[in-house]
Amino acid sequence: MNYQPMLQKTIDYIENHLSETLTPEKVATHAGFSMFHFHRIFQKETGMTAAEYIRRRRLTNAASMLLYTDETIIQIAYHFHFNTQESFTRAFKKVYQMPPGQYRKIMSPILQSNGGNQMDSQQNVKGWFLSGSHPHNYQMGRDQQVIHQGHYSGYLKSVTVQDENEFATMMQEFRAEKFIGKRIKLSAFIKTEKVQPLCGMWMRVDNVVGDVMQFDNMYNRPIQGDTNWNLYSIVLDVPANSSSISFGILLSGTGHVWTDSFTFEEVDKNVPVTHLNFTETLLDEPTNLSFEEEVLTDE
């Protein structure tokens with residue numbers, strides 16, 4: 001069974017209610033599953049329990065409020081449903097290796113030394129490169145404010161795009177040998193703003209001469225407009241003669257897309273692939289050479 005639509009609906013619900021009372025039981029009810037079944041699915045797909053996810057996202061947003069607002073630490077703690085400042089401090093220190101007060105004192109001057117700019121707009125991001133039809137009309141970099149986990153997210157945004165047919169991708173490419181014969185799942189958290197016409201994650205498996213063996217660019221499930229952080233996945237097989245694997249974030253047209261926490265994992269054959277088949281079956285012989293035949297349509 002494909003749990004991705006349910007999972008995305010659930011994560012969207014969590015993201016929109018982080019400052020409200022939010023229990024795993026309440027989230028499971030929203031998802032329409034028993035607590036036991038929901039817990040198993042959520043942890044399998046995200047690598048953490050729903051409670052862990054909620055707490056991690058609240059702490060990430062709390063870190064952002066420490067840097068970009070004047071709210072007191074106790075106000076931030078209560079906003080994200082920590083019962084005491086002490087419990088908030090313990091949880092925060094476990095993730096960021098320092099208490100919230102020290103985090104604000106140390107990190108705020110660092111941010112100000114960058115002119116208060118929360119985005120590193122340099123095109124050089126370790127491991128990633130910019131490509132596409134018009135990469136010079138786009139910008140990629142790291143963002144310190146709009147993040148899902150940790151201290152940064154990656155972003156790709158349009159700058160001087162003139163036509164919705166222009167596109168760019170921030171991507172990586174690596175050798176396929178460690179994944180030969182396996183079915184792999186690529187997942188990442190993505191957030192968008194004013195994306196038109198679309199964006200999405202993509203992955204491609206090529207052989208040694210560059211032929212596409214497996215491919216998915218989420219063309220049949222595009223991300224559009226304004227969306228909150230959510231988890232997206234691609235599942236592809238890596239055939240025996242595969243040579244390289246490429247993946248990344250695609251932005252077609254205009255908008256701003258953030259991404260964070262990419263993961264690769266091997267999955268069993270019961271997990272369906274998302275491979276898009278763009279090849280057509282060859283006809284046995286030529287047809288409609290005089291153009292008199294009508295196009296057949298499904299009734």
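**Salt bridges and beyond**

A: Start with Asp237 and Lys269, whose side chains meet in a salt bridge at 3.5 Å, N to O. A salt bridge here is a side-chain nitrogen of Lys or Arg within 4 Å of a carboxyl oxygen of Asp or Glu.

Q: Which parts of the chain does the pair Asp237 and Lys269 tie together?
A: Asp237 lies in strand 8 (residues 223-237), and Lys269 is in the segment after strand 9 (242-267), so the contact ties together parts 32 residues apart in sequence. Helices (H or I, at least four residues) and strands (E, at least two) are DSSP runs, numbered from the N terminus.

Q: Is Lys269 buried or exposed?
A: Exposed, at 52% relative accessibility. The cut-offs: buried is under 20% relative accessible area, exposed is over 50%, and partly exposed is in between (1.4 Å probe, protein chains only).

Q: Before we go on, what sort of model is this, and how is it numbered?
A: It is a predicted model: local features need pLDDT of at least 70, side-chain atom pairs count only at pLDDT 80 or more, and totals for chains, interfaces and linings use all residues. Residues are numbered from 1 along each chain as its sequence is written, and side-chain values use heavy atoms, with hydrogens and water left out.

Q: OK. How many salt bridges in the whole structure?
A: The search finds 7. One of them joins Asp216 and Arg221 at 2.5 Å, N to O. Asp216 is buried, with a relative accessible area of 0%. Arg221 is partly exposed at 28%.

Q: And what about Arg204 and Asp206?
A: Their side chains also meet in a salt bridge, at 2.9 Å, N to O. Arg204 is partly exposed at 24% relative accessible area, while Asp206 is buried at 6%.

Q: Why can such side chains pair at all?
A: Side chains of opposite charge can pair when their charged atoms come close.

Q: Switching topic. What's the volume of the largest pocket?
A: About 670 Å³. On a 1 Å grid over the protein atoms alone, a pocket is an open set of points where a 1.4 Å probe fits, with protein on both sides within 12 Å along at least five of seven lines. The volume is the space filled by probe spheres set on the points, which are joined across faces, edges and corners.

Q: Which residues are closest to the centre of the largest pocket?
A: Asn2, Tyr3, Glu45, Val271 and Pro272, out of 28 lining residues. A lining residue has an atom within 4 Å of a grid point.

Q: Which elements give two or more residues to that lining?
A: Helix 1 (4-15), helix 3 (35-46), strand 8 and strand 9. Strand 8 gives the most, with 5 residues.

Q: How do the lining residues divide by type?
A: 14 are nonpolar, 7 polar and 7 charged. Ala, Val, Leu, Ile, Met, Phe, Trp, Tyr, Cys and Pro count as nonpolar, Asp, Glu, Lys and Arg as charged, and the others, Gly among them, as polar.

Q: Now the inside. Which residues in the largest nonpolar core touch the most other members?
A: Leu156, Met201, Met203 and Ile245, in a core of 30 residues. Strand 6 (183-207) is among the elements giving two or more residues to this core. Its share is the largest, 9 residues. A second, separate core of 23 residues includes Leu7, Ile14, Phe38 and Ile41. A nonpolar core is a set of buried Ala, Val, Leu, Ile, Met, Phe, Trp, Tyr and Cys residues joined through side-chain atoms within 4.5 Å.

Q: Where is there a cis peptide bond?
A: Between Gln196 and Pro197, with omega about 10 degrees. Pro197 lies in strand 6.

Q: What about the phi of Met218?
A: Positive, about 60 degrees, although Met218 is not a glycine. Met218 sits in the loop between strand 7 (212-216) and strand 8, and is buried at 3% relative accessibility.

Q: Last one. How far apart are Gln8 and Asn230?
A: 222 residues in sequence, and 6.0 Å in space, C-alpha to C-alpha. Gln8 is in helix 1 and is partly exposed at 21% relative accessible area.
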